[in-house]
Amino acid sequence: MVDLVIRGDTIVTPQGVGAHDVLIAGEKIVAVASPGSLPVPDGARLIDATGKIVMPGGIDPHVHCKWHLPSPDGGATLTQGPEVVSKAAVHGGTTTIIDFTRAQQGSTVRDAIEQRDKDWVGQCACDYATHLMVEGALPLDLPGQIGEAIQAGYPTVKIFTTDITPSRKGRMVDFGDIWEIFQVLAANQGMGVIHSEDNDIVMHMYGKLIREGRTGFENMAEVHNTLSEDVSFRRIIRLAEKVPGTALYMMHVSAATGVSAIAEARARGVPIYGESLHQYMLYSKEDYKKPNGQIYHTYPSLKGAEDHAALWQGTLDGSINCVATDEICCTLAQKLQGVRIDDTTGGNAGVQPRVALMYTEMVGKRGYSLPRYVDLVSTNAAKIMGLYPRKGAIAAGSDADICVLDPADKRVVKASEMHETDYSPWEGRQMEAWPCLTVVRGQIAVEDGVFKGNLGHGKWQHRKVDPALIASPCL
């Protein structure tokens, strides 16, 4: 029985943009029809979205909830969990988030998954999934466990090619072990999601700058530099090419060198996809010099104007397929606790403004079409991560995950009016639209800024990557 009908004149569907009625029954979209062509059943609510933009709910494929946050004194805390981050997400039009399960946090991969589930079940207002994360020296029996997990609906595996900072020893996976994991991915139709930096270059630059007394975080771009991205991307791509059937998703691409490496690999037929973050596309290494410049940082570093240009071009030529956040929801005091190149807090509070911010930058300022914008903030992530067409589409049979943007709401971003933490790296930016309605699997989660959902509604999503995306570069 139809419960909800959304009628609009600018609805983004897989076929394009047009005027439609979207009919929702329970958790699913049951029809997308011409306005008024199907009767609104008695008891169903009709929402008039004329003059607004109706799109699939946003998908953020890179967040960290209830995450280990080291402090300069050697201690650690946990970031905010999904009970906070997911509410911020739905206020911002995002209906699915993908986090991480650290394989080493349990006695087995299955145990780690079960332990991580305790952070999420009954604590999430939107739908969710997790990438597996492998770190350090891998146990001999881990590859087999990874294969089982892929088959169980966890098809993406995060791998670090660097320890990131000198104090985080144990993150980097050596290339022999990466080779073994790639063989498991290829055999089970999984995908490697890669934090790729050249550890030799990064650690050399830490040592060099420390010896020179240039330890302030404003020098971060010299450590996590464009050469590191160039060398590491090309090395990991070459390894993947030697294991046929290995697909890659390069996380948080920050530099023109990374974009070039992806583009060249795609031209050779390598199934590789790129993700950037909104801060890499809009802030530069010069922003580190501003008061509280740490708020703009995540790892790797911010870069320069030429890198901005390459990242934006990548969203047009297929090298950059998704714009994510690398969400770390912590307080301003926690974000500012590190002041050195080797202790600055990574991650950003950005899951709420992402959809509106990228609409502003893509459609409002750069003239992107609505379908391309929707691809970059929702549909491509659904396709790459094995959620499409259940997610990322307004189509019959898809989950009723919908965001309605109001172009009349040109608000200025203020942390005091959002739902994440006490600061925002986007403070003071004027938006060209803002979400006025978010629907998660048929349930209205936020309407006109009022939270109407509940933390028990979000469900874990079983994922399976489309073989076509593994066979050759798509999108």
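D230 and R234 sit four residues apart in helix α7 (residues 226-241), about one turn of the helix; helices here (H or I, at least four residues) and strands (E, at least two) are DSSP runs numbered from the N terminus. Their side chains meet in a salt bridge, 2.6 Å from N to O, the term covering a side-chain nitrogen of Lys or Arg within 4 Å of a carboxyl oxygen of Asp or Glu. D230 counts as partly exposed at 21% relative accessibility, and R234 is partly exposed too, at 34%. For these labels, buried means under 20% relative accessible area, exposed over 50%, and partly exposed in between (1.4 Å probe, protein chains only).

A word on the model: it is predicted, so local features need pLDDT of at least 70 and side-chain atom pairs count only at pLDDT 80 or more, while totals for chains, interfaces and linings use all residues. Residues are numbered from 1 along each chain as its sequence is written, and side-chain values use heavy atoms, with hydrogens and water left out.

Side chains of opposite charge can pair when their charged atoms come close. Across the whole structure, the search turns up 29 salt bridges. One of them joins E27 to R441, at 2.8 Å from N to O. E27 is in the loop between β2 (16-25) and β3 (28-33), and R441 is in the loop between β19 (434-440) and β20 (443-447), so this pair ties together parts 414 residues apart in sequence. E27 is partly exposed, at 31% relative accessibility, whereas R441 is buried, at 4%.

Next comes the pair of D399 and K28, a salt bridge whose closest N and O atoms are 2.6 Å apart. Here D399 belongs to the loop between α13 (370-384) and β18 (402-406) and K28 to strand β3, so parts 371 residues apart in sequence are tied together. D399 is buried at 4% relative accessibility, and K28 is partly exposed at 33%. Shared partners link such salt bridges into one network made up of E27, K28, D127, K391, D399, D401, R441 and K459.

Helix α8 (residues 256-267) runs for twelve residues and spans 16 Å from first C-alpha to last, close to the 16 Å expected at 1.5 Å a residue; that expectation is 1.5 Å times one less than the number of residues. Buried positions in α8 are A256, G258, V259, A261, I262, A265 and R266. These buried residues pack against α7, β14 (247-250), β15 (272-277) and α10 (305-317), with contact meaning heavy atoms within 4.5 Å. Just after α8, G269 adopts a positive phi of about 95°.

On a 1 Å grid over the protein atoms alone, a pocket is an open set of points with protein on both sides within 12 Å along at least five of seven lines, and lining residues have an atom within 4 Å of a point. The pocket is lined by 33 residues, with H68, P70, I164, R168 and R171 nearest its centre. The lining splits into nine nonpolar, 15 polar and nine charged residues, where Ala, Val, Leu, Ile, Met, Phe, Trp, Tyr, Cys and Pro count as nonpolar, Asp, Glu, Lys and Arg as charged, and the others, Gly among them, as polar. The largest share of this lining, three residues, comes from β8.

Methods
On a 1 Å grid over the protein atoms alone, a cavity is a set of points where a 1.4 Å probe fits but cannot get out, and a pocket is an open set with protein on both sides within 12 Å along at least five of seven lines; lining residues have an atom within 4 Å of a point.
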